[in-house]
Amino acid sequence: MINEHRRKQLLDLMAARGWDSILLYGNAWRKDPFRSLVNLNFSGDHALARLARSGEINTTFSDPWDAENASGTLQPDFEKAFAGGASAVAGLEFMEERFVAACGALPVSATADVEELRRVKTAEEIGYIKQACDLADRGYQRFVEVAEPGMREFELVAEVEAFLKENGAEDNFMLIASGGTEVVGMKPPTERKFQKGDSVTTELTPQVNGYYAQICRTLILGEPSLEQRKSFEIFSEAQCAAQDLIKPGITAADAARAQNDVFRKYGYGEYTGAKYTRVRGHCLGLYPDETPHILEDVDYVLKQDMVVIAHPNTYLPLSGYMVFGDTLLITETGNTRLNKTEKKLFTK
Amino acid sequence: MKRGLITWDKADLPPSVFEARLAKARAALVAQDLPALLVYSDVWRSTEGRHLTNYMPYWNRSLIVIPREQAPVLLCGLSPRVYPWIKSVTVFEEIRPASKLVPTLLQLCTERGWTKLGVLDLPRLPHEIHLPLATSNVGISGVKLDLTDDAEIAMLRRAEQMAREILTAELSKGVGLTDYQFSGLLERAFRRAGAEDLVLLFSTGDAAPRPAHGAMLRDKYSVAVALEYRGHWARVRQGLPL
């Protein structure tokens, strides 16, 4: 449950910064700062780990079941968990103000420092992400198997969710869309029924042992149109351009530019901007949308053992919103694609 | 993130319900002489914003602004590409993109000439929102609202009934399965019935309930279900033997 590598990293960080103690706070939405040291899937509202310079860790939970399962301290009045304050807090930004006030003196934010420590994965973490990738692949296979005209979007998500949970997923980040050129983005599922000829897109992101991996694919129900095929060729070329380029030493901006340049080459440069898309990829780990984001204005230098997804997901007038992307582990000289799902436009 | 069916069934919650709730919020503003109410909302803290506007941030976070004399405004970190969908399931007619929430809020205050704001549940505002707001030239004061009404209670009863009925029908099917397998079975049943979100905890009697972790369910186990149905959470727990 305790990430010993992280404990050592944090103790080194505390020594370098002159911090006597550090708090790692997690809530029901952002469990990741807490789980970066104590990898427990807590189910209550709040969890807090306190690491002292001695290396001692104390955990406090707002929910009695979490406290019992973790042999931690139960504190239903969670403000009291912050009594005595701390030098620094990871997760300070999304802590409720009453918790910050309970610290007394305002602690320093350790969020950025801890996120940087988390970016380079250990062998154990990479192992978990590989398991999540395998589940993402099998989950997408299930997605293709069960999707059919007449089924509603939320029913398809229910089937995929059931499959992922049956196979050990803790959580899943999943967006979906269906239709034609009128579709400009993805969102939670609606009651819309799939129709023949629909483009059905999904980002599927199961979490295993705390760690997320992602796959993005597009499924055409029926024979793809010429425009859908042409569109997919552009997406495939863009994703391959990023995958061919990503290695230690290049920047997130380089990886974004490689993808966007393919769209520009075909006259679709305007569809690489914020009006039509969000990011060209992102890091993965204890949070499904870790930074740095793959964007042309992000100069972060990628490192070995970071895990990223490159996905040129955007709207094109040819096909409507389309997605395509795989999880990549950055190696010493390049990267390894962790998804095994065939790189193609799926049809059924 | 929320990946169940998020919708607005106006037979359940007609627009008049939200009009009454907004009127109650505006009455609180009048009582405190405040020009607008701020409601924070994120993927896990959506109950108050949902009650007032039916808005559910399936991912990310948002600020809901309820002016005393104008229509509510949503300041939203989600892409403008999903605004048509948001408008289809909420009372909002005005949504402003806000990758940086507080600067967008302060801009709105400047436009409307507001020098103070009421904040629902002020002590629970995230630090990242609270700090720049508290140090801005817009004064903030806490506002309390009673979020209970007949429609809310009726929806909570429906959510509780749904949770209880499905769990009762499915409970015995877990015998001989792992908690992972049973979790999948329950996810399918609840989400196909329209659950927006679901938290499942299992116990075989040797420890407190916890998320599925591969334990075998034999003839004695319990399941705790927290179910969100159309923005309303219900918790039920049942066990075998009955």
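Modeller: Let's begin with A:Pro292, which is found in the loop of chain A between strand S11 (281-283) and strand S12 (307-310). Strands here are DSSP runs of E with at least two residues, helices are runs of H or I with at least four, and both are numbered from the N terminus. Before going further, please keep in mind that this is a predicted model, in which local features need pLDDT of at least 70 and side-chain atom pairs count only at pLDDT 80 or more, while totals for chains, interfaces and linings use all residues. Residues are numbered from 1 along each chain as its sequence is written, with chains lettered from A and ligands numbered from 1 in the order in which they are written.

On the phi side, B:Asn60 is not a glycine, yet its phi is positive, near 75 degrees. You will find B:Asn60 in the loop between helix H2 (47-53) and strand S2 (61-67) of chain B. B:Asn60 is partly exposed, as 17 other C-beta atoms lie within 10 Å. (Buried takes 20 or more such atoms within 10 Å, exposed 12 or fewer, and partly exposed falls in between, with C-beta atoms placed from the backbone.)

A:Ser71, also no glycine, has a positive phi of about 50 degrees. A:Ser71 is exposed, with 8 other C-beta atoms within 10 Å, and lies in the loop of chain A between H3 and strand S4 (73-74).

That brings us to the contact between the chains, which takes 39 residues from chain A and 38 residues from chain B; residues touch if their C-beta atoms, placed from the backbone, lie within 7 Å. On chain A's side, helix H3 (64-70), helix H4 (97-102), helix H7 (153-166) and strand S7 (171-179) each supply at least two residues. H7(A) gives the most to this side, with ten residues.

Definitions and conventions:
Contact = placed C-beta atoms within 7 Å.
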